[in-house]
Structure formats: structure tokens, C-alpha cells
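Dear colleague,

I am passing on the structure we spoke about, and below it you will find notes on what was found. Please read them with the structure open beside you.

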Amino acid sequence: MFVLVAMTAILLELFHHSRVSLARFGWGFLTSVAWNPVTREFGAASSIFGTIVSTVIALLLAIPLALVIAMFLVEVAHPRVARPVGYGIELLAAVPSIIYGMWGLFVLAPVLAEHVQPRLQAIVGGLPLFSGPPMGIGVFTAGIVLALMVLPFITAVMRDIFTLVPPVLKESGYGMGATTWEVTRKVTMRHGMRGMVGGVFLGLGRALGETMAVTFVIGNDHRIAASLFASGNTISSTLANEFTEASEPVYLSALVELGLILFVVTLLVQIAAQMWLRRLKRRLGADL
Amino acid sequence: MRRRPVWPRRLADAAVKAASVLAAALGLAMLAWILAVVLQRGASALNWRFITGMPVPPGAEGGGLANAIVGTFLVTLLACVIGVPIGMMAGVYLAEFGAGRTLAALVRFLVNVMIGVPSIIIGLFVYTIVVLPAGHFSGWAGGVALSLLILPVVARTTEDMLALVPNPLRESSLALGAPRWRTTLHIVFRAARSGLLTGVLLAVARISGETAPLLFTALNSPYWPRSLSGPTANLTVTIFNYAMSPYPNWQRAAWGASFLITLGVLALTVVSRALARERTR
């Protein structure tokens, strides 16, 4: 009961408090790159852009990793090895996000700046995607940290799917002389594609709203840069950084509207993921 | 018909298998790397003064975070006091009384969605309903924000755990003439006790490392948390503030605080997992 009330209340409250900014900027808020507390010009475009880019990087890295890790845990490794390894991967989800932030800022960022980013530039140099000084902090780093954070969630769903595929199907594959990878690709993945999509959606929801780790490593700069090595910001990092400084009503309202956008988007993602997984559950008759 | 050679398929298989081993190793290595860094840098910041002393200004030596440790403890406790009973009631409703009702299905759906709502949004929400009307940041607001985070988690684990209690147990209690509430409270709860405890522990582990919802609610404070009606010191926001500062001794303190938080959260997680495994055995 209370949950119902709480969810509605969140939506109404955020809407209510962003009305100043809604009235002032209208739909242009979504596309404007301006962010100037002095002239009271605010737009969400750079935050939205940063959120999308860092999330895409995170998913691009995390999905294949999660897939092969799940395959390792279910098909390749001996159960005696798989259990502790699976436990370790799950523990990645238990590490608080601020710890990821500390690690990302003080440990990972210098490593990236000194070793990884210059090499990437040397290999694919010239592409605007990897241009600019390798500072270590930026959208790229944020994506890596996010990938590590959503990895356990996606892996968990994938692992369930691997174990849910009827053994008969897999055995017929092996009986035909298929290799493990072929069975995975042509039997398991085809059978469990919908479930995997659901798992990716769960990871997506996590990555979109993640705050602290991203705030530490993304650089917090209101701009849209072509390079992945440039600093940027996300909706949640903007909120975390500027909320306590916002003194003007318009400023505050603009920040709340950012929150509203994030809330609505994650809500949609969550609802889509839940409906998707529920439909799937009914079809497979098993608990995901 | 031309025979396709076998070796490319074998090669692809071996490559993917190798990749899967590498990926798993990579995941574990990252975990080990993070933990090692936190342990190493945190342990060097840690000493008796760190746990019992008060914060010092940048540049000064020594000092501790006793206020933040106590503050985190108080705010988490408050969140449990508010969130656990409500969450449990919601879980009981879903498992015992709501079977087959549309309302229950809706609530269950929203519980799942609410688990996925970013914690910073919860913080924002509590800011608008508690901090703005009150006119200042407070530990109470921090507790309320964390309780909203813990609530859906507790509700879901409660429902799951109660669903594991065999039905004949309920039926025998009802057959003896016990009313429904009594059956739930004295029979079902007792049977599911350790499972419920596990759920609560996991939920506590989840919120005690949270930072984002506290930024706008409890804020932070360099003083002893005398009452929860003012800004309240807590470990996670302290880490954020100290880590972003340019002062080496503050950054060192941030590592020390990270060490404490990580240790606490991981210990809670591991203990509750061990409890859960014992149950299923």
C-alpha cells in the first residue's frame, strides 16, 4: 500500500518542484546545452548526452563479458571452481558505489591516463573519438567503472538463463557434434534471447542512475565533446555536485527537473524490464 | 558436398572458452584489485585515534571520524526502524493476504520497480518533502531517505521467505482455531525467522554504503551528532567531501573511511549469505 503511495508521491513532488523550470524553459530544456547559473540559463542536453554515452560504453563492455562469464560458470568450469568464482563476481555488486568512485579516481584513472589511453590513441589515432589529452578522467573512464558495476547484475541473469535451457536441447546439440561455443550461440542464446534482453535492461537501469562512482571519475563539465577522453557529466553527477550549491529557485528547479527526467526514464526502463521478464517467466514456467 | 573442415570450429570454440576463462579471471582480478587498494590505503590511515577522534582541519595531523561513524550508525538504525516494519508488512500482505488480487500484483510490480529507482532520486524526493519544509538538512531526512531504499528490498525478501513456509503449517494452525494474524505472527514468522533476518541484513548492507541519497538529506557535519534534527555527519558523504578535497591528510582519511565502509558492507553481505546457505542445506 505504502509503496503505491510512495511511488506516486515521488512523481508528483518532482513534477511540482520543477514547475518553475518547466514553465521557463519548456521542451527546449531537453535540447539546450546552456548551463550558466549566473545568467540563469539551464539546459539538460549535456547531462543527458553524458548519461547516454557512459551507459552505452558500460553496456558494450559489460554484455559480452557477462555472456562469457556466465558461459564459464555454467558450461566450462567444474562446479568446484564455478561456485567461488560466481560468488566473487556477485560480491562485485556488494561493493558500495562510492568505493568504486574512490578506486576509479585514485587508482584506475592514473593507470588509464599513463598506459591505456596513449596506446589507444597510438593505435586508432586521428579519430576524433579518442582525441584530446589523456587525462584519465572523463566519459570513457566512467563507462569502464559503470561496466564493472553492472557486470554482476547482467551475469546473474545470464547465468540463470544458461541453467534454464532444457538439457535435452543442449544434449541434442552436443550429440550432433557441436562444440560448446556452437551450442551456446545457436541453442542457448537463441532459446534465452528474451531473457538476456531483460537482464540487459536491468543493467541499463542501474547504469543510468548510478551516481557516486560516475561523479568521481567523469570530470563534471557541462559540455558535449566528440572525444570519449574529454570530461563530461551525467544527470546524476550534476545533481550530486551542484544541488547543495543551488541557491536560486530557478537553478534548484532546473536540477529537480533533471531528476524528474532521470526518474521517468529509469521508471520506463524498469517497467519495460519487469513486464518483459514476467512475460518470459510465464512462458518458461520458471523463476528468474 | 564439400566437407567443412573441423579445425575452424574447434579453434573458435577454444578461443571463446579461453575468453570465458579470461573474463572470469578479469572480474575476480578487478574485485581483488579494488579490495587490495582499499585495504592497503585504508589500513595505513587507520589507528585508534581515527576511530575515536574528531575531524581536524586540512593540514593538521591526526584526527578521526568518530562523529561520522556514529552518524552513519544512527542514520542506518533510523532507516531500519522505519523501513523494516513497513517493508515486512508489505511483504506479509503480498505473501499471506494478497494472493490472486489485482492490487497485490500491482504492489508487487511497483516493489520491483522501486528497487530499481536510482537512489539519488529518492534523495531528491526526500529533499523536497522533508528538507525544504523544515528549512534545513537533517539526520531525520537521511534516515527517511534510506528507509525508502530499504523498504522494497525488505518487502521482496519477506515475501520470498514467507512463500517458502509450507502451507500445511498454516493449515494446522488455522485448524487449531488460531486467527489469521496469530498464525502469521507466531507460526509463519517463526518458521521463516532466519530467512527474514538474512533479508534485513542484506538490505542494511545495501543502504550502509549509500551516499547519493544522503547528499541532499543528512548532508555532513564536522561536529558530534548531538541530535538528528541538524546536518548529521556520516562516513559516505565524508568520503566524498574528503576525496574531492586537495588536502593529503583528508584524502588519507577518506581511504580510512572507505576501509571501514567496505569492511562493514562486505562482512554483512558474507554473513547473510552464509546464513542463507545454511538454511537451504
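**Confidence, fold and contact**

The model is a predicted one, and within chain B the confidence is highest in helix H1 (residues 7-45) of chain B, with a mean pLDDT of 87, and lowest in helix H2 (residues 48-52) of chain B, where the mean is 73. Over chain B as a whole the mean pLDDT is 82, with 96% of its residues at 70 or more, while the model scores are ipTM 0.83 and pTM 0.84.

As for the fold, chain B holds 12 helices and zero strands. The radius of gyration of chain B is 24 Å, whereas the globule rule gives 19 Å for 281 residues, so chain B is more spread out than a compact globule. Taken along the principal axes, the C-alpha atoms of chain B fill a box of roughly 75 × 65 × 35 Å. Of the 281 residues in chain B, 49% count as buried, and among its contacts between residues at least 6 apart in sequence, 73% join residues at least 24 apart.

Turning to where the two chains meet, the contact takes 55 residues from chain A and 59 residues from chain B. On the side of chain A that touches chain B, the elements that give two or more residues include helix H4 (45-76), helix H6 (97-124), helix H9 (180-209) and helix H12 (249-284) of chain A. The residues on that side of chain A divide into 39 nonpolar, 14 polar and two charged.

With best wishes

Key
Residues are numbered from 1 along each chain as its sequence is written. Chains are lettered from A and ligands numbered from 1 in the order in which they are written. This is a predicted model: local features need pLDDT of at least 70, side-chain atom pairs count only at pLDDT 80 or more; totals for chains, interfaces and linings use all residues. Two residues are in contact if their C-beta atoms, placed from the backbone, lie within 7 Å. Helices (H or I, at least four residues) and strands (E, at least two) are DSSP runs, numbered from the N terminus. Ala, Val, Leu, Ile, Met, Phe, Trp, Tyr, Cys and Pro count as nonpolar, Asp, Glu, Lys and Arg as charged, and the others, Gly among them, as polar. pLDDT is the predictor's confidence in each residue, from 0 to 100. The radius of gyration is taken over C-alpha atoms; the globule rule is 2.2 Å times the number of residues to the power 0.38. A residue is buried if 20 or more other C-beta atoms lie within 10 Å of its own, exposed if 12 or fewer, and partly exposed in between; C-beta atoms are placed from the backbone.
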